[in-house]
Amino acid sequence: GMFRHLVAVGCVVVIGLPVMVPSAGVAADAECQREVVLGKSRLGSPIVACQLRGSDPAVKRPLLVVGSMHGTETAGMDVVSRLMQRDVTGLGANVWVVRSVNPDGVAAGSRGNARGVDVDANFPTAGWKERAKGTADWGGPKASSEPETRALMKAVSKLRPKQAVVFHQDLGVINCPPYRSKSLAKRLHSLTGYPYKC
């Protein structure tokens with residue numbers, strides 16, 4: 001239900017989830033229609049995009065769902081695991097999921113990657129500048145310096161998604177500008193029940 005509404009909105013969405021203990025992983029019967037290795041983490045773990053079974057390749061602009069960006073925020077990985085068990089045949093959908101773009105951080109239980117970089121802060125955004133090394137928000141020595149960042153950039157470049165949902169947690173709130181418009185935040189609030197904060 002919620003994903004259908006998010007697809008209709010047509011945007012990049014960052015959703016905060018409450019803290020939950022992640023399940024052991026994907027069920028044995030969960031298979032991908034297609035898998036693409038986007039790259040490897042700093043310590044060599046593969047970062048994989050999975051196209052859900054029954055995805056319609058005629059839908060050129062898919063939905064991309066990322067379960068975990070920060071290694072200490074893994075609840076979205078459960079959502080991705082449940083999605084991977086779905087067959088979307090006949091729904092006119094093309095859905096790709098990435099369980100985590102930061103497998104090293106997940107394994108270590110740390111927010112950043114193996115070098116301590118906040119992958120979320122490493123993307124080459126307008127006005128990017130290096131933040132204080134050693135802090136939880138350190139974006140690395142330069143934009144796009146991390147293989148995890150480049151892997152997600154490859155996913156966006158290769159898949160050209162119409163929408164992307166990136167799960168975060170701990171905050172428990174939907175942010176407004178500059179992340180998204182106030183009207184979109186209100187709409188997401190009405191669909192999810194999460195409070196919004198501008």
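This is a predicted model: local features need pLDDT of at least 70, side-chain atom pairs count only at pLDDT 80 or more; totals for chains, interfaces and linings use all residues.
1. Residues are numbered from 1 along each chain as its sequence is written, and side-chain values use heavy atoms, with hydrogens and water left out.

2. Strands β2 (residues 32-40) and β3 (residues 46-52) run antiparallel and are joined by seven bridges. Across the pair, V36 stands opposite A49 in β3. Five residues sit between the two strands, and G44 takes a positive phi near 95° in this hairpin.

3. Because C32 lies in strand β2 and C50 in strand β3, the pair ties together parts that are 18 residues apart in sequence. The link of C32 and C50 is left-handed, with -115° about the S-S bond. A search of the whole structure finds one disulfide.

4. Next, the packing. A nonpolar core here is a set of buried Ala, Val, Leu, Ile, Met, Phe, Trp, Tyr and Cys residues joined through side-chain atoms within 4.5 Å; buried means under 20% relative accessible area, exposed over 50%, partly exposed in between (1.4 Å probe, protein chains only). The largest such core has 18 residues, and L38, L64, V66, M69, V98, V101 and L152 touch the most other members. Its largest share, four residues, comes from α4. A second, separate core of 14 residues includes V79, L83, V97 and V165.

5. Finally, do look at H70, which lies in the loop between β4 and α2 (75-84). H70 is buried, with a relative accessible area of 2%. Leaving out residues up to four places away in sequence, H70 is in contact (heavy atoms within 4.5 Å) with N102, R111, D118, D120 and H168. The C-alpha atoms of H70 and R111 are separated by 4.7 Å, although these residues are 41 apart along the chain.

6. H70 also makes side-chain polar contacts (pairs of N or O atoms within 3.5 Å; within protein, one must be able to donate a hydrogen and the other to accept it, and residues adjacent in sequence count only if both atoms are side-chain atoms). One is with the side chain of D118, at 2.7 Å. Another, of 3.4 Å, joins the side chains of H70 and H168.

How values were computed
Two strands pair if DSSP finds at least two bridges between them. A disulfide is a pair of cysteine sulfur atoms within 2.5 Å.
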